[in-house]
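Here is a short report on one protein chain. It begins with a term, then turns to the fold and its cores.

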Amino acid sequence: KNQRFNKSWMHTPEALAKHYIPYNAKFLGNTEVEAPKGTEVVKDAVRKLKFQRHIKKSEGQKIPKVELQISIYGVKILDPKTKDVQHNCQLHRISFCADDKTDKRIFTFICKDSESNKHLCYVFDSEKCAEEITLTIGQAFDLAYKKFLESGGKDVETRKQIGTLQKRIQELETENSELKQQLQDLEEQLMIAHVPPAGSISMKPQSTDVFDMVPFSPVTPLVPTPASNGCPPPPPTTLPPDIRKDLFGAEPFDPFTCGSADFPPDIQSKLDEMQEGFKMGLTLEGTVFSLDPLDSRC
């Protein structure tokens with residue numbers, strides 16, 4: 001019994017209560033299990049994770065190395081270089097811990113996840129310290145249980161409350177940062193769509209009459225307005241200045257420009273006589289007026 005007692009207590013109580021015991025190992029991963037404890041339960045989890053790691057190893061991926069920090073408060077899984085905490089398994093949530101008797105490098109423990117309340121089995125590979133790590137976790141359990149009995153259970157409840165408050169503080173900090181970002185986005189939108197300052201030039205809308213028409217002004221030129229469907233109006237049709245038509249759209253009658261074929265023979269002969277009479281000219285106060293377009297005299 002004394003040998004077994006000395007073997008189980010590998011570290012001083014102060015080292016586990018006030019500090020932690022570090023170990024280096026390879027992390028095969030974690031997987032959900034149906035029961036919180038049992039040898040067959042962890043064996044199935046080990047087989048599953050070993051198979052997944054074998055596939056990843058064939059793809060060129062290496063098993064990541066981690067650092068374990070074991071204390072009476074739990075087991076922390078950290079990155080050995082950056083010291084970033086990957087998993088923090090509180091001791092009162094760990095329900096089972098064992099090493100594989102068939103493979104001396106493998107050890108496991110089952111922990112209930114604080115968010116999903118699922119039981120997860122964590123599997124590690126340590127070539128030299130698998131059994132020692134399992135015993136160290138067992139020693140941490142023993143010390144934590146003794147402390148629980150001495151405090152009458154108040155110490156564990158206090159740690160639970162502290163953990164809950166820390167989680168709530170982290171949620172509030174995340175919510176606060178999101179609200180700050182939303183406020184900053186609103187301020188930027190207000191800066192873009194700000195009201196122009198007083199005294200700035202503003203375009204007044206053009207006044208209209210009672211029929212919603214722009215009053216006519218002889219000073220301003222008429223500018224065609226676009227149609228309601230968005231298409232510009234067609235350009236106005238302009239006639240040459242030498243073509244003039246009457247009210248009904250017909251050209252005015254000109255007896256001197258009409259051809260011989262435009263009228264019947266009897267009317268055309270009368271027109272010819274009238275034209276010859278006009279060509280003879282009239283003498284008025286010594287000034288001769290000629291209606292012949294071929295005569296250029298004034």
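## Terms and model

Contact means heavy atoms within 4.5 Å. This is a predicted model: local features need pLDDT of at least 70, side-chain atom pairs count only at pLDDT 80 or more, and totals for chains, interfaces and linings use all residues. Residues are numbered from 1 along each chain as its sequence is written, and side-chain values use heavy atoms, without hydrogens and water.

## Overall fold

The protein chain has six helices and nine strands. These are DSSP runs numbered from the N terminus: helices are H or I with at least four residues, strands E with at least two. Of the 298 residues, 21% are buried (under 20% relative accessible area, 1.4 Å probe, protein chains only).

## The cores

A nonpolar core is a set of buried Ala, Val, Leu, Ile, Met, Phe, Trp, Tyr and Cys residues joined through side-chain atoms within 4.5 Å. The largest one has 28 residues. Leu68, Ile70, Phe109, Tyr122 and Phe124 have the most contacts inside it. Helix α4 (130-151) is among the elements that supply at least two residues each.

Beyond neighbours within four places in sequence, its contacts include Ala25, Phe27, Val66, Leu68, Ile77 and Phe109. A second, separate core has 13 residues, among them Leu49 and Phe96.

## Helix α4

Helix α4 has 22 residues. Its buried residues include Ile133, Ile137 and Leu143. Gly152 follows α4, with a positive phi near 70°.

Methods:
Buried < 20%, exposed > 50% of the residue type's maximum accessible area, 1.4 Å probe, protein only. Expected span 1.5 Å × (residues − 1).
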